[in-house]
Amino acid sequence: MEASMQQFLESGLEFYVTIGILLVTSILIFIVIRTLRRKKADTILLVGLSGGGKTVLFYQLRDGSSHQGTVTSMEPNEDSFVLHSESSKKGKIKPVHIVDLPGHSRLRPKLDEFLPQAAGIVFLVDALDFLPNSRVTAEYLYDVLTKALVVKNKIPVLIVCNKVDKVTAHSMDFIRKQLEKEIDKLRASRTGISDADIAHEVTLGVAGQPFTFSQCINKVTVTEASAISGKISDVEHFIRERVMP
Ligand SMILES: Nc1nc2c(ncn2[C@@H]2O[C@H](COP(=O)(O)OP(=O)(O)OP(=O)(O)O)[C@@H](O)[C@H]2O)c(=O)[nH]1
Ligand SMILES: [Mg+2]
């Protein structure tokens with residue numbers, strides 16, 4: 001009697017152990033398949049106000065020439081290529097997918113379509129015509145920095161003060177400070193609008209302290225460039241760092 005009881009218990013235990021093993025194996029297989037399926041983010045987005053030089057930069061990165069006289073873009077301009085500066089390594093290194101998004105305010109929602117694949121964002125600022133546009137530039141940058149995906153995926157942002165070939169261009173330190181000040185003001189005014197919405201919105205910076213880019217969860221850096229004359233090495237370096245060969 002006792003022996004058959006023991007046999008019964010043992011077979012029950014065996015049953016549960018087998019089910020347990022099967023369950024753990026299926027979960028592991030499921031996780032592996034999901035990880036393999038998830039495409040690695042390999043896209044660099046060029047964003048910023050209209051006229052900042054995104055399209056000029058796109059061609060400079062791809063062809064090493066600026067295609068003078070671009071008109072305002074109405075559609076995203078995208079391609080996968082090995083950077084012109086790395087063309088000697090063609091075939092040996094991974095191409096990058098670059099999307100030049102139109103700066104026109106009505107076309108800006110296009111950004112959301114590309115964000116899930118973004119490995120980095122290059123935010124162009126017109127350093128020549130900066131002052132009259134500092135507020136709108138900061139508004140757009142604020143929108144980018146508070147996008148849920150940018151924060152969740154910690155997408156690095158490189159702010160590029162473009163057109164430094166002109167002597168009247170503002171310095172990158174000046175532009176950085178102005179943008180930080182404007183974002184600080186925006187932060188105060190936007191959080192003041194409705195307390196109910198704050199729970200859903202990302203709040204930038206540290207409460208009670210003036211805003212600086214270094215407080216962002218994602219890495220935000222500032223550099224200068226001249227897309228038209230090909231002074232874009234910091235941008236190329238940023239891209240290569242984000243999309244490894
Ligand atoms: N001096 C100077 N001008 C530049 C530079 N980069 C772009 N430009 C000029 O700025 C203007 C706008 O350049 P685009 O590349 O078309 O600007 P964009 O950011 O693509 O603008 P949208 O397509 O409207 O969003 C053009 O007249 C360019 O020649 C630069 O580095 N230096
Ligand atoms: Mg353009």
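In what order do the elements of the chain run from the N terminus on? They run α-β-α-β-β-α-β-α-α-β-α-α-β-α. The legends below follow parts of that chain.

This is a predicted model, in which local features need pLDDT of at least 70 and side-chain atom pairs count only at pLDDT 80 or more, while totals for chains, interfaces and linings use all residues. Residues are numbered from 1 along each chain as its sequence is written, chains are lettered from A and ligands numbered from 1 in the order in which they are written, and side-chain values use heavy atoms, with hydrogens and water left out.

**View 1. The whole chain, with 8 helices and 6 strands.** Helices (H or I, at least four residues) and strands (E, at least two) are DSSP runs, numbered from the N terminus. Of the 245 residues in the chain, 39% are buried. Buried means under 20% relative accessible area, exposed means over 50%, and partly exposed lies in between (1.4 Å probe, protein chains only).

**View 2. The open sheet of 6 strands.** The strand order is β2-β3-β1-β4-β5-β6, and the pairing is mixed. At the edges stand β2 and β6 (220–225), each of which pairs on one side only. Neighbouring strands are turned by 20° against each other on average, direction ignored. For such angles, axes are lines fitted to C-alpha atoms (for helices over the stretch in contact), and the values run from 0 to 180 degrees between N-to-C directions. Two strands count as paired if DSSP finds at least two bridges between them.

**View 3. Strand β3 (residues 96–100) and its partners β1 and β2.** In β3, 5 of 5 residues are buried. In a regular strand the side chains alternate between the two faces of the sheet. Both faces of β3 are covered: V96, I98 and D100 are buried on one side, and H97 and V99 on the other. Strands β1 and β3 run parallel and are joined by 4 bridges; here I44 has I98 in β3 as its bridge partner. The pairing of β2 with β3 is antiparallel and spans 5 bridges, with N77 partnered by D100 in β3.

**View 4. Strand β4 (residues 118–126) and its partners β1 and β5.** This strand is mostly covered, with 9 of its 9 residues buried. Strand β1 (residues 43–48) runs parallel to β4 and is joined to it by 6 bridges. The bridge partner of I44 in β4 is G120. Strands β4 and β5 also run parallel, joined by 6 bridges, and V122 stands opposite L158 in β5.

**View 5. Strand β5 (residues 157–162) beside β6.** The two strands pair in the parallel sense over 6 bridges. V157 has V220 in β6 as its bridge partner.

**View 6. V150 in helix α5 (residues 148–152).** V150 counts as buried because its relative accessibility is 0%. Its C-alpha atom lies 9.2 Å from that of G120, and V150 and G120 are 30 residues apart in sequence.

**View 7. The kink in helix α4 (residues 130–145).** The helix has 16 residues, but its end C-alpha atoms are only 19 Å apart, short of the 22 Å that a straight helix would reach at 1.5 Å a residue. That expected span is 1.5 Å times one less than the number of residues. A kink of about 35° is centred on V136; the bend at a residue is the angle between axes fitted to the seven residues ending there and the seven starting there. The buried residues of α4 are F130, S134, T137, A138, Y140, L141, Y142, V144 and L145.

**View 8. The magnesium ion (ligand 2) and its protein donors.** Donors are N, O and S atoms within 2.8 Å of the metal (3.2 Å for Na, K and Ca); water is not among the atoms, so sites may look incomplete. T55 is buried, at a relative accessible area of 12%, and S73 is buried as well, at 18%.

**View 9. Two buried cysteines, C161 and C216.** C161 has a relative accessible area of 0% and is buried. C216 is buried at 10%. The structure holds 0 disulfides, a disulfide being a pair of cysteine sulfur atoms within 2.5 Å.
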